[in-house]
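Biologist: I am new to this structure and would like to be taken through it slowly. Could we look at it together, one question at a time?

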Amino acid sequence: MAEGRKRMRFAMVCSSNQNRSMEAHSVLKRHGLDVASYGTGAHVKLPGPSLHEPNVYEFGTPYKTMYDELRRKDPDLYKRNGILPMLKRNLSVKNAPQRWQDNLADGCFDIVMTFEERVFDLVMEDMNNREQKLMKAVLIINLEVKDNHEEAAAGAKVALELCKELETTESWEDAIDDIVAKFEREQERRILYSISFY
Amino acid sequence: MADSSLRFDSSRALRLLEDVGTELSEDLVVLMPTLISFLRHADPLVVKKAITCGTVLIAGVLQEIAFQINSFGKVERWLDEMWSWMVQFKDLIPGLLLESVPVGTKTAALKFLETCALLFTPHLDATGSPGKGFNIVNIPRGYCRFLDPVILESDGIKALNLLLDTLHSSYSLRGALTITSINCLVAIAKKRPAYYERILSELLSFDPINSVQGAHASSIRYNLRAGFLGFLRSTNPSMVESRDKLIMALRGISPGESTEQIIRQVEKMSRNMERSSRDNFRSYKDEHPPAAEDSISRKRGSAVLVPEDLPSKRSRSDESDQSEANSELTPAGKMIAVIGALIAEGERGVAPLELLISNIHADLLADIVIETMQQLPKSLPVSSPRTQVPTGALMENPVSTGDGTEGKRDPRRDPRRLDPRRPVGPMGSPGTSHIQSQVSTDATSVDSRTVPSPSLQSTRLPPPLPFPEPNFTETAPKIEMKVESESKPPHDIKLTDVTETLTKEGTEIKTELESCTVPPPDSTFIDQDAVESTPDDHNSVESYRSSFQAENKDSLMEDASASSGELPVFPLCLELCEREKREACQMAIKRIIDGKSDSCLQLLARMVALNDPDDEILEQIQKHISVDFHRDKGHELAMHLLYHLKAVIIMDSSSAALDRYEKFLTSLARALLDNLPSTDKSFSRLLGDAPLLPDSAFHLLEELCGMSDGGTQKEREIDGGDRITQGLGTVWSLILGRPSARMSCLNIALKCCVHSQDEVRSKAIRLVVNKLYLLSYASVRIEEFATSKLLSVVCDQTLEMEVDQTSSRDVKVEMMNQEMSVTSSQSSEPGLSESESGLVLSRPSGPSLSQAQTQISLFFALCSKKPSLLRVVFDVYGKTPKVVKQAIHRHIPVLLRNLGSCSELLDIIYNLPEGSENLVTLVLQVLTDESTPPADLIGAVKHLYYTKLKDPVILIPMLSSLSKEEVLPIFPRLLELPLEKFQAALARILQGSAHTGPALTPAEVLVAIHDINPEKDRVALKKVTDACTACFEQRTVFTQQVLAKALNQMVEKAPLPLLFMRTVIQTIDAFPSLVDFVMSLLSKLVSKQIWKMPKLYAGFLKLVSQTQPHSFPVLLELPSMQLENVLTKHTNLRAPLASYVINKNIHPTLPSQTLKVLGLLNESQQTTTRPFDSGASIQGATLT
């Protein structure tokens, strides 16, 4: 029976496809899962010299370009706040940040993980707005993770555990309540899930 | 089929399904049997995939059919065949939902149902046209036997019903299924607004927390919330209409700022929309006649269907305009059209018609009847036959005699309009008839809402009948007539006949009865009526019941013409004595409860309304309610009972009635608390909806909030804080929802704010401060209470001190009494003062620190919302005993960290109340702890220092932000402070602010210290030396460079600072490597004629002696007289100095006077007499 089953495809989604989703992408990829990552924002935003001067890029701008540009601007600052190391990590995972809303061509995912309720809302809204043609169910899980490097690393670990567990279950529809309840209890993180269709 | 399923193992099946894909082609027809067989495959994955495949295909097939009809006017054969396979497939899906298959399969099936519901119901696009894709509106009727739009639509409604059933039967389901059904329903409601109201009412009545056990509740709540938000954002008129309901539901599901924000956003959006749409609407109105508009915008529109419309449509052969009419009709209008069409089919239409009617939702059916009734001839003698339901039992019941106007009431009116929580509520002066009407309308509406869609259970009873049933109490043939009329309501000629006969009877009975208030009961109701009214013996009840049930089932479920059972004729009415009545009633209730039927609720409610129940029955029912509260719709039943009991109270003013009400309510509430988890909202809902809240309910609430006495409280601790949260949550909702209970609830919340348990207190304070304090009607009372509590600890202790002084037991008692009167006069509520004084009495030895903290926590929490209250603290601080001060000191930092330096605080600092010096010092310390003080705060503190409070301590926190010019004048005052304080000040001065840098550099500090003139500045010299020592202790700050710089500056001063030499000595002690530098200083001093400054000179000499031989060059610089003086005083210097001169061979450069003092001149010149006998030294000199 098992050979007939395809492997699950995972999507990690955060706002800018830089920190949380990329950390999770990198971790899941390292553990051999079939994973992609996206951001739901209108632009890719990275912290700048102050709160009001973020570095804004279009989705699709290669991480390498951002890396070079920021290193030119203020190597000290961006090294200190962890942006340069993060970009370096990202460019070893994939070429450029991708936008969730434009990922139609990437095919169906089985599990979508978001890391913030706002992102979760946007993914749900986007799924509802799409024309549902394949009627294939997709599980969308939100794991609340703060947008900083430490939390992203911790969150990615939880995401990995969660995805591994889901991949091994026969039918996630039956198990999801228990899995979520277990993770909430063990990790003390708030988890939400919903179901949509492709 | 089973064979073909066996032929495929899972992987092959999956591969095949993969290949089927989404493309529709002629070849697929061959695969359809296989696809259908996969629905029974052993591997759930195959089943799931097959359903998914079918979902895609059914849409594709219909799309293709629409395309072919539009393009060629006909459908190819293969497609026809394909469709007939699809119909087979479709009919198999509902069965899967009932079987025990994996949830994944069921979710796929739900999606299939959603797709069907969307495909099979007519829809209009934004422009109001049916659009290009598949739309049943575009399918000509009778085009092919499998594709009848009427049947399709009934299928669509059936699919919707199934989805709704799934949602409501989700007690035993998993979260994934519930969530999928919610999402599917939301999608349908959005895309098919005609069904929106129905779906919304189902979703609103769905309780996300308690309905699904074992599922992930917050996810379900989220999905429900997302659905409601989607509706809220929609511009569809019916969704806009229900905005208030949605907002209420949203607040219920997820109260909090984020929801409020979204609501505000939507409201803003809708205002803009309204403005723009008003103009559009005006122009639209000009173009369209009002009738058409009515039918679209109002659900229960007026004459949508003129009486002759239906037959003419039936007779006409071309149906082209029907679809057009359909699209403009209300759901009820559409259904009428559909039913009409089915009737026109004659024999062929019977089966679908039956199916359709059995599936129509109660609401919709009622609408259909109302609409058709409007078409009846005006000359009919009775205006609304719905209200004419004469029953024997009614006559006996004094409660149910209402006034005559009730006949005109819309029986489906929402009972919540009469809800006691509404501010203009009927609580104050409800008349008998008012309450009565509540009872009866409530029963009706619950009835119509809760009649479940019966599609899953073929044996279920049909929805409420639209017609009066006087015949049920009479003879069987009339039942048959009714059934006939029910199954074909729109058949106008027949309908009129029937109604005429009915109404004639109605009028007959009407003369017998005064009036009737009972809503249209469903057949179960009538069953019950019969049970109550006719038989006097248990056996006959049974026999009547069973025979009637059989009859009932036959007549309703099967072909109407088939039922013609002979029933025994019963007497119209039987008089029972009181005892018999009671026994019959008890028996009936027991049967109903044991029966666990779905209609239990309606029956019990009616029973209560009809037979004023005694205590025993109440207890019985109460137990029943609390056993399975949610499943048995306990809340609704409890409300029925409570409203009934309330009505009894109004009629019968004796206390017995009130007692009964109270007993029922409190015992039910207690049972809910005991049986249900603390997260359950039922308790809160019960108190919120009950018509009257007696004192005992508040006592119960207090107990829940932890105000009970010791024993029960300990039990409660097992539950942790959840119960308290529940109690406070209830208090909060009562305050919001029940204006009359506000004060009592507020008092409970306030009492909790001074509770001795931290957990209770902190939760209560959070509620009071964050929620209640924002309410205009509560804020004054809250402030009063908090202030009185603060003052009470202050006064309490003051009294206590006096007591100590007098140390007389009698006086103490007297004081206590006084104190009691103080507290009770401060609080306006008598109930509260009692317990407050109780609190006071329970601690006769004055408050401990924790008690004081308990009493004042609320006040400090309020200060964070209203900083001006802080003044009270400052005002009383001076009089406050030590313990309370300590408590205040603990609260202040927490408060200030939230508050920062606000204008109110600055005002207080500007005008500081007496006695609060320590407090302001603490405040300043906290304020400047982690951040630099703002300019206005500095200004205020300076003002305070220069006007009122001369204590430099208050300046210390500001020092880092002051400039050098500002610091220097106060430096002597700082020096006077105790050493610790001075060190703190020093640290601040050196720390400085980020903008200006330190006020003084370390070197400048040293100079400043030395600049102090003890006499002139009136500072003890000891303080200055201590300050110097303190500086030297900080080696990392006062480095050798700093010292060198400072000393360099000081040495240039005239006069030299008093402590200069002392510092130099300390410097050389601390940093011996500075010896060269010190020597250069000494040589400067020599040039300044240091010997003329006796105090310093002593130090100079000491240093010179200490630092030999480095100091020799300096010594040699001294004039010979001084040198001689030195050498006389420090004789030990002479020989080393002389030998130094000889050794270095510098005597030629030295003046002869010096050499002479050294005794070197004699030896070198050998001529003069030796002034000193210093053989030893000469010897020494020669030796070296």
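Predicted model: local features only at pLDDT ≥ 70, side-chain atom pairs only at ≥ 80, totals over all residues.

Biologist: Which residues of chain B lose the most area to chain A?

Modeller: The area buried between the two chains is about 2400 Å², and carbon and sulfur atoms give 54% of that area. On the side of chain B, three residues together account for 26% of what that side buries, and they are Lys111(B), His216(B) and Tyr222(B).

Biologist: Which side chain of chain B meets Glu173(A) in a salt bridge?

Modeller: Over all chains the whole structure holds 28 salt bridges, and the count between chain B and chain A is two. In the bridge made by Glu173(A), the N to O distance is 2.8 Å, and the partner is Lys48(B).

Biologist: Are H49(B) and H51(B) roughly parallel or roughly antiparallel to each other?

Modeller: The axes of H49(B), residues 1021-1033, and H51(B), residues 1060-1070, come within 11 Å and cross at roughly 25 degrees. The crossing in which H49(B) passes H51(B) is right-handed. Angles under 35 degrees count as roughly parallel, and therefore the two helices are roughly parallel.

Biologist: How many polar residues does the contact of H49(B) with H51(B) have?

Modeller: From H49(B) the contact takes Thr1025(B), Cys1028(B), Thr1029(B) and Phe1032(B), while H51(B) brings Arg1062(B), Thr1063(B), Gln1066(B) and Thr1067(B). Sorted by class, there are two nonpolar residues and one charged residue, and the polar ones number five.

Biologist: How do H51(B) and H52(B) run, roughly parallel or roughly antiparallel to each other?

Modeller: H51(B) packs against H52(B), residues 1075-1087, at an angle of about 160 degrees, with the axes 10 Å apart. Here H51(B) passes H52(B) in a left-handed crossing. Angles over 145 degrees count as roughly antiparallel, so the relation between these two helices is roughly antiparallel.

Biologist: How many nonpolar residues are in the contact of H51(B) with H52(B)?

Modeller: H51(B) supplies Phe1060(B), Met1061(B), Val1064(B) and Ile1068(B), and H52(B) supplies Val1075(B), Val1078(B), Leu1081(B), Leu1082(B) and Leu1085(B). This contact has no polar and no charged residues, and the nonpolar ones number nine.

Biologist: How many charged residues are in the contact of H5(B) with H6(B)?

Modeller: The axes of H5(B), residues 77-98, and H6(B), residues 103-119, come within 9 Å and cross at roughly 135 degrees, which makes H5(B) oblique to H6(B). Among the residues that meet are Lys90(B) of H5(B) and Lys106(B) of H6(B). By class the contact has nine nonpolar residues and no polar ones, and the charged residues number two.

Technical notes:
Residues numbered from 1 in each chain as written. Chains lettered and ligands numbered in written order. Heavy atoms only, no water. Axes fitted to C-alpha atoms, helices over the stretch in contact; angles between N-to-C directions. Helix = DSSP H or I, 4+ residues; strand = E, 2+ residues; numbered from the N terminus. Parallel < 35°, antiparallel > 145°, perpendicular 65-115°, else oblique. Left-handed = near helix turned anticlockwise from the far one by under 90°. Contact = heavy atoms within 4.5 Å. Nonpolar A, V, L, I, M, F, W, Y, C, P; charged D, E, K, R; others polar. Buried area = accessible area lost by both parts, 1.4 Å probe. Salt bridge = Lys/Arg side-chain N within 4 Å of Asp/Glu carboxyl O.
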